[in-house]
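Thanks for coming. I will keep this short, so please have a look at the slide before I start talking.

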Amino acid sequence: MSWLDRLTGGFRKTADRIGENISGLTSKTALDTTTLDDIEEALIASDLGPEASKRIRDAIAARRFEQLDERGLRTILAEEIEKILTPVAKPLDIHGFPRPHVILVIGVNGSGKTTTIGKIGHHLMEQDYGVLLAAGDTFRAAAIEQLKIWGERIHAPVIAGKEGGDPASIVFDGVKQATETGIDVLIVDTAGRLQNKQHLMDELSKVRRVLGKLNEAAPHDVILVLDATTGQNALNQIEVFQETAGVTGLVMTKLDGTARGGVLVAAAEKFGLPIHAIGVGEGVDDLRPFDPRAVARAIAGLPPQ
Ligand SMILES: Nc1nc2c(ncn2[C@@H]2O[C@H](COP(=O)(O)OP(=O)(O)OP(=O)(O)O)[C@@H](O)[C@H]2O)c(=O)[nH]1
């Protein structure tokens, strides 16, 4: 199956939900305020968030349609979602010099962090970058094991310590090994214990301090991984992690398993942070940078162009 097919299939539940919510909100005459209000409500109910929903409502109102059928509504929805996604759809840029370019990956447990690291690593290796994975989530032995499995799967080396070890020292060793072996990108898994914010902050600032000593520009990226199935909760996580960890970009996963994919649009409009990639499945190829038009059309339930 092509990526475009997987993308469209992945967003099917979200598109169906939006379809149900907007069904009947069409008009054979010029749209009145009540219908516009209903459209805005339907978009909020589809997890697009109040900011994006209002913006889309205003855009529809400004066009002064003489009449609007469902296809027309879906088309304008796709156009407006595309405008919201275009400025934030930014693939990861591997620019760090001297090498390695260091990427910290953060997020709550179960958000898809480790899987995302494997998939990003694979994607970068396909572009001929040398990749090293670092098991900085030392809190759970299972997390270290899981990263090692991903390393084997994508044929990338993994640097790991013992459970309960110091993540900063693993990161230190990671940079050293990457420098010595000419690796381009070091991707660091971190523990995601939001319930203990102070500890998380201390741990991350220590990692940053150690990295900064080796290379002032590192980490070059701090990527927050979000599970789209958590809907609005994903937005709260962006706020908290922005405060505690200095997020530079987002990856949203599990868009295939949910009707709540509208949250991608809500996050884009509310925070304006770069969204580097989206995940629409568990396979190694199911995470990619995305084309805003293709995603917007998939969300709006229109066929790919
Ligand atoms: N359907 C689907 N499943 C995904 C996607 N990304 C990750 N998963 C699944 O989500 C589950 C959790 O992913 P992990 O990578 O283990 O999450 P984590 O954040 O590293 O979790 P911890 O290791 O517990 O911290 C796994 O079963 C993954 O296969 C996705 O885009 N789509």
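What you see is a predicted model. The average pLDDT of the protein is 93, and 99% of the residues score at least 70. For the complex, the predictor reports an ipTM of 0.94 and a pTM of 0.95.

Now the ligand. How many residues surround the ligand? There are 20, and the closest are Gly112, Lys113, Thr114, Thr115 and Gly279. Two elements give two or more residues to this shell: α6, which runs 113-126, and α7, which runs 141-154. The largest share is from α6, with 3 residues. Sorted by class, the shell holds 13 polar, 5 charged and 2 nonpolar residues.

That brings us to α6. This helix has 14 residues. From its first C-alpha to its last it reaches 20 Å, close to the 20 Å expected at 1.5 Å a residue.

Is α6 largely enclosed or largely open? Of its 14 residues, 11 are buried, so α6 is largely enclosed by the rest of the structure. Buried here takes 20 or more other C-beta atoms within 10 Å of a residue's own. Among the buried residues are Lys113, Thr114 and Thr115, and those three are also listed with the closest residues to the ligand. Further along α6, Ile117, Ile120, His123 and Leu124 are buried too.

What follows α6? Aspartate 128 does, and its phi is positive, near 75°.

That is all from me.

Key:
Residues numbered from 1 in each chain as written. Predicted model: local features only at pLDDT ≥ 70, side-chain atom pairs only at ≥ 80, totals over all residues. Near = placed C-beta within 6 Å. Helix = DSSP H or I, 4+ residues; strand = E, 2+ residues; numbered from the N terminus. Nonpolar A, V, L, I, M, F, W, Y, C, P; charged D, E, K, R; others polar. pLDDT = per-residue confidence, 0-100. Expected span 1.5 Å × (residues − 1). Buried ≥ 20, exposed ≤ 12 C-beta atoms within 10 Å, placed from the backbone.
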